[in-house]
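Open the model in your viewer and keep the sequence beside it. This tour tells you what to select next and what is there.

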Amino acid sequence: MEDFSRLKNPKSPSVSLSSTSRTYTEKGSHSFEISGYSMVKGIGVGKHIASDSFMVGGHLWAIYFYPDGKEFKIGDTCISCFIARVSEGEGVRALFKLELLDQNSRVKRGGI
């Protein structure tokens with residue numbers, strides 16, 4: 001039988017442990033210009049054009065733009081735009097702001 005009495009020695013040094021969880025935010029931007037927008041309008045619902053991939057926070061991202069919307073809903077005339085992570089990874093969150101500019105570089109709509 002083992003003698004565990006030495007584990008209760010009051011002269012044993014106390015142990016203090018700690019740990020830290022850190023999150024960080026990295027900022028980046030990407031400009032995706034669609035030259036000849038009138039030529040891509042009408043490519044069909046659910047069809048998209050994509051930006052080149054770009055790196056932010058150690059991950060590759062891309063913008064997917066659906067000029068006729070991603071899904072068809074009766075009465076809809078809309079566009080859809082998404083930011084997507086194209087690299088592998090888990091536990092990544094992104095906050096983003098999209099600004100759509102008209103041909104005169106005036107902001108038409110913004111969103112988060």
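Select His59. It is buried, at a relative accessible area of 16%. Here buried means under 20% relative accessible area, exposed means over 50%, and partly exposed lies in between (1.4 Å probe, protein chains only). This is a predicted model: local features need pLDDT of at least 70, side-chain atom pairs count only at pLDDT 80 or more, and totals for chains, interfaces and linings use all residues. Residues are numbered from 1 along each chain as its sequence is written, and side-chain values use heavy atoms, with hydrogens and water left out.

Stay on His59. It belongs to strand β3, residues 59-66. Helices (H or I, at least four residues) and strands (E, at least two) are DSSP runs, numbered from the N terminus. Now show what surrounds His59. Setting aside neighbours within four places in sequence, its contacts are Phe54, Arg85, Ser87, Glu88, Gly89 and Val92. A contact means heavy atoms within 4.5 Å.

Next, the aromatic rings. How many aromatic pairs does a search of the whole structure find? It finds 2. Rings of Phe, Tyr and Trp (its six-membered ring) pair if their centres lie within 6.5 Å; planes under 30 degrees apart count as stacked, over 60 as edge-to-face, and the rest as tilted.

Select Tyr37 and Phe65. Their ring centres are 6.1 Å apart and their planes meet at 55°, so this pair is tilted. It links distant parts of the chain: Tyr37 sits in helix α1 (residues 37-40) and Phe65 in strand β3, 28 residues apart.

Move to Tyr66 and Phe82. Here the ring centres lie 5.7 Å apart with planes at 85°, so the pair is edge-to-face. Tyr66 is in strand β3 and Phe82 in strand β4 (residues 80-85), so the pair ties together parts 16 residues apart in sequence. Tyr66 is buried, at 9% relative accessibility. Phe82 is partly exposed, at 38%.

Now pick the cysteines Cys78 and Cys81. Cys78 is partly exposed at 31% relative accessibility. Cys81 is partly exposed too, at 23%. A search of the whole structure finds 0 disulfides, a disulfide being a pair of cysteine sulfur atoms within 2.5 Å.

Last stop: Leu100, in strand β5 (residues 98-101). Leu100 is partly exposed, with a relative accessible area of 31%.
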